[in-house]
Amino acid sequence: MAIDPIEMDSGISAPELENNNTVQITGEDKQRIYYPWRFSLIIKLQEKKILHQVLKRKITDLWKPSEAFPLIDLGEGYYTVKFNKEENMAIALQKGPWFIFGAFLSVQRWEPNFVPSRAIQTLTAIWVRLPELPIEFYDDKILAKVGNKIGRLLKVDTCTSAALRGRYARICVELPLNKQVKSFVWIGSHKQQILYECEKLLCLNCGYLGHSSSKCLKTNTQIKAHFIKQKEDLKQKTQKHNIQEELGKVIQKDLLKPTVEDTSSED
Ligand SMILES: [Zn+2]
């Protein structure tokens, strides 16, 4: 599933009274000025400051982009990575989480009107899983709706869109770091658990993304118990999934070579 284009209008317009001071940005202007940034990213290394050229070298090592790119310092620790190829943006968003010298690198899509000193939320892309999702919900539109309920949808893992494979769906979403994550959503009348694929990033103490439990300043035993249980569940389900994948391969192999093997070994 391709990544949706940037929303071209935030819906926010300057107050009526200030019209005398307002440079009107038309839809046509927006098309033109946003277009070069459509595959760009806004990144921030959390809780660590490093030199511009070090950061650039590190992200080049991590992402191995197929093009040269400028890394633009926005201030307040934020940088814009200007890619011209969608594939390079997709790798940075979807293959994370990323760490540089042990610090978490938040990665979000470029957005218009971004002012670092006024950024109230640092967003980052994260993968979530939906364990034991009832089979009828393995539908791109439903999964997209679920993704947008959890955060802002970036991608639905296409191999799980096929209802026959795997026991969970994976969705890549953008989420704020300074907010508690949702542990479940309702899909109609079905209560769906959400598992976060980011052990080093999701604090089991407070349920916030962006720091590990050992660096947590809060203590919430109820949440802690909840997320520890989820982590255990995830481990078990991952194991089950891997076993199923292996079984799938065996079955495929058998189909390819139906006459060679002795047929009594499995049922
Ligand atoms: Zn915490």
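This is a predicted model: local features need pLDDT of at least 70, side-chain atom pairs count only at pLDDT 80 or more; totals for chains, interfaces and linings use all residues.
Where is Phe 101 found? Phe 101 sits in the loop between S4 and strand S5 (103–109).

Residues are numbered from 1 along each chain as its sequence is written. Helices (H or I, at least four residues) and strands (E, at least two) are DSSP runs, numbered from the N terminus.

Next, the backbone. Most residues other than glycine have a negative phi, and most peptide bonds are trans. Phe 101 is not a glycine, yet its phi is positive, about 50°. Phe 101 is also exposed, with 10 other C-beta atoms within 10 Å. For burial, we count other C-beta atoms within 10 Å of a residue's own, with C-beta atoms placed from the backbone: 20 or more is buried, 12 or fewer is exposed, and in between is partly exposed.

Lys 64, again not a glycine, has a positive phi of about 45°. Lys 64 lies in the loop between helix H2 (52–63) and strand S2 (71–75). With 9 other C-beta atoms within 10 Å, Lys 64 is exposed.

On peptide bonds, the one joining Gly 96 and Pro 97 is cis, with omega about 5°. Pro 97 belongs to the loop between H3 and strand S4 (98–100).

In helix H3 (residues 86–94), the buried residues are Asn 88, Met 89, Ala 92 and Leu 93. They cover an arc of only 130° around the axis, so they are on the same side of H3. The arc is taken from the directions from the helix axis to the C-beta atoms. Glu 86 and Glu 87 are exposed on the other side of H3.

Which residues of helix H4 (residues 140–150) are buried? They are Leu 143, Val 146, Gly 147 and Ile 150. Viewed down the axis of H4, these buried residues fall within an arc of 100°, so they line one face of the helix. Exposed Lys 141 and Asn 148 are on the face of H4 turned away from its buried side.

Last, a hairpin. Strand S9 (residues 184–187) and strand S10 (residues 190–193) pair in the antiparallel sense over four bridges; pairing requires that DSSP finds at least two bridges between two strands. Trp 186 has Lys 191 in S10 as its bridge partner. Two residues lie between the strands of this hairpin, and Gly 188 takes a positive phi near 60°.
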